[in-house]
Amino acid sequence: MEEKLSEVNSMSQMNKKDVLNALERIAVYLEIKGENAFRVSAYRKAAQALERDERPLSEIEDPSKLKGIGKGTAGIINDLLEEGETSLLKELEKEIPDGLLPLLKLPGLGGKKIGKLYQQLEVTDAGTLRKACEAGQVQELDGFGKKTEQKILEALEELGKRPDRLALAQVLPAAFDLRQRLASIDEIERFELAGSFRRGRETVKDLDFIISTEDPKTVGKRLVSMDHITEIIGHGDTKVSLELQYGDIIVPVDFRMVKDESFATTLHHFTGSKDHNVLMRQLAKERDEKISEYGVEEDTGTEHHFSTEEEFFAHFGLPYIPPELREGMDELERYDEKYELIEQDDIRADLHMHTTWSDGAQSIKEMVNVCRDKGYDYMAITDHSEYLKVANGLTAERLKRQHEEIRELNESMKDFTIFTGVEMDILPDGTLDYPDEVLKEVDFVIASIHSSFQQSERKIMDRLENACRNPHVAMIAHPTGRLIGRRKGYPVDMERLLEVAKETGTILELNANPHRLDLSAEWLKKAQDKGVKLSINTDAHRFDMLDYMTLGIKTGRRGWLKQETVVNTWPADRFKKLIWKNR
Ligand code: DGT
Ligand code: CA
Ligand code: CA
Ligand code: ZN
């Protein structure tokens, strides 16, 4: 399955979060420049005023009328809204060295302190900061000391360390870009991205490309002269290993070049997993055959080549085992063509997404159009509820108005259904953000946790259970709240949650955002075995994020999900019965 992810950040209009971020960036830049505190705080105050006001930006006609926003800052806000940029920010970006912003991540360093380092010691990035620390210059500055200097050095060390594995989300730009480039190299006959990426793992160590070509020398030369390369690790006749930089992420990539007759076997070998390969080799051995990267050899010396992986598996009397299942567990015995493993074409709806009504970047109509283009039959619009102020969550009143608009739009379409919905916060005390009188009018109510992650497992479970037991709640979104490689999530007794979900008929989500992939494949498997209903959704905040569905499907396949388990593969009327039953 190929990802169709379009370029990230394409032409999105600014939403409230973007504007708040831009104002904060201006404030930080001014601090670094050493501007007076009054001017700096004007931008922070403006951001706070916007954040406090619960209307969407489109409804705030004159920001200067809000308390805390002056004429000057209002002008900047209008620029941001109308142009998506402002000359002030652009000038500051030009003036202040790029390398200073990452230093904000170091503990104890804010805009003011970074300003001192920049102005007095000419620090411009992590490297110059380290040198200044090592020379003992930092401890001499006002407001710094020996201890601070030591702490900064230690933090720099941590910052410089490469993580062992990269989250899927971090390698997507590289995967996307490299696929395009390989497609444009004439000497390449076909290529495929193999390894853990192809198997759909949440994190990867590197990317592995398999390339078939008659002219590996030329291809190799073209590979080592690409953009983004920071280091050539190896450059041989059949293998090129590179490190490429995308944003602040360094991605190691292996390219293996083979003749086309060996492509399928090589692809299989480097798709792995290692454990799956061990199983295949055992199987071959029982038949007095040997699998190598290049083909299958009988003990008579005859070598077999295959033009596809299907033929390779068929040689051993096996069906085509999807890459997501190749983990060296029981896939060889357990998988056959009758197993209705979820696939992209089964998906008829996306049931979790945001619009400009809360913190999304596109209007309802724009999201609807993209979902229709994808060939879906139905969808749900699920903006945030009132509690999530940072995301401009909807009051009951605004929710009602939005749903009127959705119903109207729905009336105008015969072949497509838009369900009204909401992503409602489960509050820290376990109560829900809207009363039942509001919820009973909504088709698809999602409940989710965005706050008080530090609570005990017991408290968290009370919150989740309470939500499941409300007859109007149809689904729990991103059930653990984790962000891969960044945040563990809140403590969940997952066995218990599966039981409650099963008992109450609550759907659990597989959130397809590559930072989340929540639930994980391991829990999906258990959920399905227990008879819990699941749904794969993108949680898109921009229309290009609706493409994340493909990544969700991959994770679902790793969890051996069947089409029937995933409710957004059901026809619209069957889905509608499900969400309205028992209410
Ligand atoms: P990772 O760690 O995310 O890069 O995971 P993989 O699976 O992509 O691992 P990688 O890049 O080291 O190797 C790609 C595949 O090549 C791996 O899944 C199976 C195959 N492979 C690599 N080394 C061995 C080996 O020593 N024995 C066997 N049987 N297969 C191997
Ligand atoms: Ca790999
Ligand atoms: Ca590799
Ligand atoms: Zn959401």
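**Close-up views of a predicted model**

**View 1. Helix 1 meets helix 2.** Helix 1 (residues 16-33) and helix 2 (residues 37-52) have axes that come within 8 Å and cross at roughly 165°. Helix 1 is therefore roughly antiparallel to helix 2, and their crossing is left-handed. A word on terms for this view: helices (H or I, at least four residues) and strands (E, at least two) are DSSP runs, numbered from the N terminus. Axes are lines fitted to C-alpha atoms, for helices over the stretch in contact, with angles running from 0 to 180 degrees between N-to-C directions. Angles under 35 degrees count as roughly parallel, over 145 as roughly antiparallel, 65 to 115 as roughly perpendicular and the rest as oblique. A crossing is left-handed if the near helix is turned anticlockwise from the far one by less than a right angle, and right-handed if clockwise. Please keep in mind that this is a predicted model, in which local features need pLDDT of at least 70 and side-chain atom pairs count only at pLDDT 80 or more, while totals for chains, interfaces and linings use all residues. Residues are numbered from 1 along each chain as its sequence is written, chains are lettered from A and ligands numbered from 1 in the order in which they are written, and side-chain values use heavy atoms, with hydrogens and water left out.

**View 2. Glu95 in helix 4.** Glu95 lies in helix 4 (residues 87-95). At 41% relative accessibility, this residue counts as partly exposed (buried means under 20% relative accessible area, exposed over 50%, partly exposed in between, with a 1.4 Å probe and protein chains only). Glu95 and Tyr29 are 66 residues apart in sequence, and 9.2 Å separates them in space, C-alpha to C-alpha.

**View 3. Two calcium ions and Asp206.** The calcium ion (ligand 2) and the calcium ion (ligand 3) are 3.8 Å apart, and Asp206 coordinates both. Around the calcium ion (ligand 2), the coordinating atoms come from Asp206 (O), Asp206 (OD) and Asp208 (OD), at 2.1 to 3.0 Å. Donors here are N, O and S atoms within 2.8 Å of the metal (3.2 Å for Na, K and Ca), and water is not among the atoms, so sites may look incomplete. The site of the calcium ion (ligand 2) is irregular, with angles of 64 to 166° among its six donor atoms. For such labels, four donors count as tetrahedral if all angles lie between 85 and 135 degrees; four count as square planar and six as octahedral if opposite donors are over 155 degrees apart and all others between 65 and 115; anything else is irregular. Asp206 is buried at 11% relative accessibility, and Asp208 is buried with a relative accessible area of 10%.

View 4. Asp206 lies in the loop between strand 3 (203-204) and strand 4 (207-213) and Asp254 in strand 7 (residues 249-258), so the pair ties together parts that are 48 residues apart in sequence. Asp254 is buried, with a relative accessible area of 12%.

**View 5. Helix 11, largely enclosed.** Eight of the nine residues of helix 11 (residues 263-271) are buried, so the helix is largely enclosed by the rest of the structure. Among these buried residues are Phe263, Leu267, His268 and Phe270. Just after helix 11, Gly272 takes a positive phi of about 70°.

**View 6. The zinc ion (ligand 4).** His352 (NE2), His354 (NE2), Glu423 (OE) and Asp539 (OD) coordinate the zinc ion (ligand 4) at 2.1 to 2.2 Å. The four donor atoms subtend angles of 82 to 171°, which makes the arrangement irregular. Their spacing along the chain is H-x1-H-x68-E-x115-D. His352, in the loop between strand 11 (349-350) and helix 15, and Asp539, in the loop between strand 17 (534-537) and helix 21 (549-558), link distant parts of the chain, 187 residues apart. Both His352 and Asp539 are buried.

**View 7. Helix 15 crosses helix 16.** The axes of helix 15 (residues 364-373) and helix 16 (residues 396-411) come within 11 Å and cross at roughly 40°. Helix 15 is therefore oblique to helix 16, and the crossing is right-handed.
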